Amino acid sequence: MDLRFTAEERAFRAEVRDFIEANLPPETRQRMIEGRVPTKAQTVAWQRILNARGWAVPDWPEEHGGTGWTAVQRYIFREELQQTPAPQPLGFNTNMIGPIIIAYGTEAQKQHFLPRIRNIDDWWCQGFSEPGAGSDLASLKTRAVRDGDHYVVDGQKTWTTYAQHADWIFCLVRTNPQAVKRQEGISFLLIDMRSPGITVRPIITIDGGHEVNEVFFDNVRVPVSNLVGEENRGWDCAKLLLGHERTGAARVGVSKERLRRLKFMAGEATENGRPLIEQQRIREKIVGIEVELKALEMTVLRVLAGGRRAGESRQADPASSILKLRGSEIAQSITELMMEVAGPYGLAAPGDADAEGSNAPELMPDWARSAAPLYFNWRKLSIFGGTNEIQRQIMAKAFMGL
Ligand SMILES: Cc1cc2nc3c(=O)[nH]c(=O)nc-3n(C[C@H](O)[C@H](O)[C@H](O)COP(=O)(O)OP(=O)(O)OC[C@H]3O[C@@H](n4cnc5c(N)ncnc54)[C@H](O)[C@@H]3O)c2cc1C
């Protein structure tokens with residue numbers, strides 16, 4: 001298999017790069033270079049710019065707004081966004097709920113939701129995990145009881161990313177507690193976050209950020225027309241969605257961009273008056289990560305070249321587990337090396353540096369500021385989307401027959 005890019009693909013890359021260069025607001029880019037999450041307004045504004053260009057949902061079938069690009073073009077597009085860095089299309093919308101509605105939704109759901117998903121007229125969040133139902137998702141307890149043309153939903157979701165921004169949540173709920181196989185009693189519901197009875201409570205993470213939440217449902221009435229697929233067949237949707245979540249999780253472009261940042265940091269940090277980047281020890285570690293990243297990139301290209309388009313396939317590719325596993329390990333190793341390069345600055349919390357009367361802002365160089373928050377934040381990469389231990393189990397079963 002020839003994995004080199006053709007002249008047309010290189011020209012396509014240049015077109016994408018020029019478009020991003022000309023249209024991405026500089027303050028959005030700067031925020032991301034500093035290792036900070038773009039604001040909601042920045043994410044929405046950028047997605048709308050992409051949507052106006054017809055590039056918001058490259059992975060979708062063309063009849064629903066997809067670009068018709070090849071797998072390699074889609075890879076190049078994503079990599080250019082990640083390397084700039086620019087916000088990527090909102091995953092909950094474009095990678096998760098969009099493909100599920102395309103694959104399992106009614107015509108009415110497609111007509112209503114898909115254009116709004118593309119343009120982030122609705123910001124979606126994912127209501128799968130519960131206390132006691134993470135890796136063992138099928139043990140979820142949030143229940144939906146039919147009452148005329150509504151379901152009444154009671155229970156709790158947790159770790160819900162950006163629920164504080166969300167207009168809608170897609171949820172796995174238990175509709176048949178008597179089902180012999182637990183997976184066969186679960187349904188997939190679309191729930192308006194403005195519905196009476198929903199409470200969102202923030203979870204503040206170790207880096208001081210507010211990314212995740214608890215979401216409580218107390219007698220929440222949901223129209224039956226918001227069921228996706230058949231009642232008690234929600235597990236099919238869940239499996240397809242988790243496969244997509246993991247394919248995107250290789251994040252090769254993100255790691256390339258952070259590696260570039262790491263090299264910059266190692267050029268700024270000094271020991272005995274000499275930049276750390278000149279030390280053999282640091283150089284070997286950087287090259288080691290670079291080689292691993294190249295190998296991952298080749299694997300992503302092979303999976304994409306042999307893969308099927310979102311919305312056409314109802315089977316998750318087990319190879320996506322490899323991408324999730326290696327992608328998260330490599331990304332975390334970059335943040336570990338950033339901490340090493342930052343040295344004593346890695347101990348300072350950004351909150352300390354910003355405190356009134358503190359000398360920390362002058363003492364801490366700008367390049368070191370994101371090292372500790374990013375290191376702590378990216379611990380999540382080996383947890384969400386199915387932990388790395390679970391990915392190993394999927395691989396053992398799929399590839400080794402264990
Ligand atoms: C930052 C962040 C954002 C998230 N965002 C969302 C979101 O938006 N929506 C959502 O629904 N969920 C979200 N999650 C939840 C995430 O999917 C779960 O945390 C994950 O599935 C693990 O579940 P758990 O936390 O309950 O851990 P557990 O399942 O309790 O696992 C605890 C430990 O035991 C290990 N373990 C469990 N079972 C096995 C097994 N069979 N074999 C070997 N080891 C095992 C795990 O690998 C882990 O190390 C998010 C999580 C994080 C950290």
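1. One of its oxygen atoms sits 3.0 Å from a polar backbone atom of Phe-128, and an oxygen atom of the ligand is 2.6 Å from a side-chain N or O atom of Ser-135. At Trp-159, a backbone N or O atom lies 2.7 Å from a ligand nitrogen. The protein covers 67% of the 980 Å² of accessible area that the ligand has on its own (areas by the Shrake-Rupley method with a 1.4 Å probe; for residues, only the protein chains shown count as cover).

2. Please keep in mind that this is a predicted model, where local features need pLDDT of at least 70, side-chain atom pairs count only at pLDDT 80 or more, and totals for chains, interfaces and linings use all residues. Residues are numbered from 1 along each chain as its sequence is written, and side-chain values use heavy atoms, leaving out hydrogens and water.

3. Now the shell around the ligand. Of its 18 residues, Ser-135, Trp-159, Thr-387, Glu-389 and Gln-393 come nearest (a residue is near if one of its heavy atoms lies within 4 Å). Helix H14 supplies the largest share of the shell, three residues (helices are DSSP runs of H or I, at least four residues, numbered from the N terminus).

4. Finally, Leu-402 is found in the segment after helix H14 (388-400). Leu-402 is exposed, with a relative accessible area of 71% (exposed means over 50%).

Key:
Helices (H or I, at least four residues) and strands (E, at least two) are DSSP runs, numbered from the N terminus. Buried means under 20% relative accessible area, exposed over 50%, partly exposed in between (1.4 Å probe, protein chains only). A polar contact is a pair of N or O atoms within 3.5 Å; within protein, one must be able to donate a hydrogen and the other to accept it, and residues adjacent in sequence count only if both atoms are side-chain atoms.
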